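Here is a walk through one protein model, a piece at a time. Keep the structure open and find each part as we reach it.

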Amino acid sequence: MDNIPNLLKEHYDLDATNILPQRGGWAALAFKVYSGKQAFFLKAYEKSRASTPKWTALIDQYVPITVWLMQHSGLKGKLPVPVPTQTGAYKCEDDEGIYLLYEYIEGETIGEKALTARQIAELSNIIAELHLYGEEIPVETTAIKEDFTVPFLPQLRVALDREVCTLPRDLKELITPHLKQVEELADTVEKLSAELKNRNLRMALCHTDLHPWNLMQTDRELVLIDWEGLKLAPVEADLMSFVDEPYYDDFVPIYRQVHPDFAINPDVLQFYRYRRKLEDIWEFMEQLLFDRQEAQERAETLNHLSRELNEIRG
Ligand SMILES: Nc1ncnc2c1ncn2[C@@H]1O[C@H](COP(=O)(O)OP(=O)(O)O)[C@@H](O)[C@H]1O
Ligand SMILES: [Mg+2]
């Protein structure tokens with residue numbers, strides 16, 4: 001990542017006076033970039049990571065939609081503001097990575113903290129507002145439309161069915177006792193996937209990655225960040241993140257003010273829940289199978305995977 005100052009100059013005409021690594025998320029590295037008095041947030045996806053193509057493939061499709069929302073919906077100020085390159089693109093790249101630049105949000109990530117009543121109300125309003133928009137918006141949404149395919153499922157199947165004997169020993173030992181459960185989960189997801197493809201479900205814009213590490217509190221408002229997962233999908237894709245939360249009963253009445261007729265479709269909810277579970281399992285497996293990791297990092301990934309596997313029937 002030594003090339004970042006050059007990259008910032010070349011693509012954004014920024015003279016970086018300081019570049020500080022930040023606590024990143026799960027998928028990307030993060031830096032706070034100072035240029036004179038301005039501060040920016042740089043998200044860097046390393047090309048060496050197996051998950052990068054998945055997270056970066058749709059940048060050119062989803063960022064313009066967030067920009068449209070920022071300009072035309074009640075979400076202004078509640079979304080991160082992307083900084084375009086000099087040619088008007090929303091990403092740039094070099095040999096090592098793919099980069100997105102945002103205005104820096106001065107605020108605190110919610111993370112482990114419990115949401116306050118006010119934050120719950122703000123969050124519910126954000127999601128309700130987002131779900132008002134769908135394919136009628138004047139920005140192309142075809143690329144982000146849910147088709148209920150589960151792209152990682154074939155790879156997961158191969159790793160489980162055919163290649164279990166060739167898996168690295170630590171991974172094999174961890175996964176073998178849970179093999180049947182994971183396969184059943186995959187069967188259910190596959191069945192639901194086939195069934196939902198044939199249903200005519202209402203779709204709206206959904207964030208699909210709603211958790212407190214993607215929420216920041218500024219001195220004015222709650223900001224929902226990390227829009228990589230933006231989809232045109234049944235609203236269960238978002239609501240699944242709330243149904244088990246202790247604050248769900250406070251969330252719903254506010255959401256219902258905007259969507260009085262909403263009702264959760266149990267099949268769709270189950271599809272999203274199970275798919276997320278499988279996806280988390282697969283992402284940890286993918287790291288263990290394909291990413292270059294230090295011993296410590298590998299041990300952590302094994303721990304995370306172990307927790308996911310033990311929770312399957314939870
Ligand atoms: N524009 C921003 N300004 C300041 N901090 C940010 C900004 N965007 C994200 N962050 C911080 O960086 C963390 C990771 O960013 P996020 O976009 O969620 O990346 P990931 O896709 O890796 O999860 C967030 O939890 C938040 O603390
Ligand atoms: Mg995140």
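This is a predicted model. Begin with two helices, α5 (residues 153-162) and α7 (residues 179-197). They pack at an angle of about 155°, and their axes lie 11 Å apart. An angle over 145 degrees counts as roughly antiparallel. So α5 is roughly antiparallel to α7. The crossing of α5 past α7 is left-handed.

Which residues make this contact? From α5 come L153, R157, L160 and D161. From α7 come L179, V182, E183, A186, D187 and E190. Sort them by class, and the contact of α5 with α7 has five nonpolar and five charged residues, with no polar ones. An α-helix has 3.6 residues a turn, so residues three or four places apart point the same way.

N214 is in the loop between β7 (204-206) and β8 (215-217). D226 is in the loop between β9 (222-224) and β10 (231-233). The pair therefore ties together parts that are 12 residues apart in sequence.

Are these two residues buried or exposed? N214 is buried, because its relative accessible area is 3%, and buried means under 20%. D226 has a relative accessible area of 23%, so D226 is partly exposed.

Next comes helix α9, residues 248-258. Its buried residues are Y248, F251, V252, I254 and Y255. What do they pack against? Their partners are α4 (117-130) and α8 (236-239).

Finish with another helix pair, α10 (residues 266-290) and α11 (residues 295-310). These pack at an angle of about 155°, with axes 9 Å apart. That makes α10 roughly antiparallel to α11. Here, too, is a left-handed crossing, as α10 passes α11.

Now look at the contact itself. On the α10 side are K277, D280, I281, F284, M285, Q287 and L288. They meet R298, T301, L302, H304, L305, E308 and L309 of α11. How do the residues of the contact of α10 with α11 divide by class? Seven are nonpolar, three are polar and four are charged.

Terms used:
Residues are numbered from 1 along each chain as its sequence is written. Chains are lettered from A and ligands numbered from 1 in the order in which they are written. This is a predicted model: local features need pLDDT of at least 70, side-chain atom pairs count only at pLDDT 80 or more; totals for chains, interfaces and linings use all residues. Side-chain values use heavy atoms; hydrogens and water are left out. Axes are lines fitted to C-alpha atoms, for helices over the stretch in contact, and angles run from 0 to 180 degrees between N-to-C directions. Helices (H or I, at least four residues) and strands (E, at least two) are DSSP runs, numbered from the N terminus. Angles under 35 degrees count as roughly parallel, over 145 as roughly antiparallel, 65 to 115 as roughly perpendicular and the rest as oblique. A crossing is left-handed if the near helix is turned anticlockwise from the far one by less than a right angle, and right-handed if clockwise. Contact means heavy atoms within 4.5 Å. Ala, Val, Leu, Ile, Met, Phe, Trp, Tyr, Cys and Pro count as nonpolar, Asp, Glu, Lys and Arg as charged, and the others, Gly among them, as polar. Buried means under 20% relative accessible area, exposed over 50%, partly exposed in between (1.4 Å probe, protein chains only).
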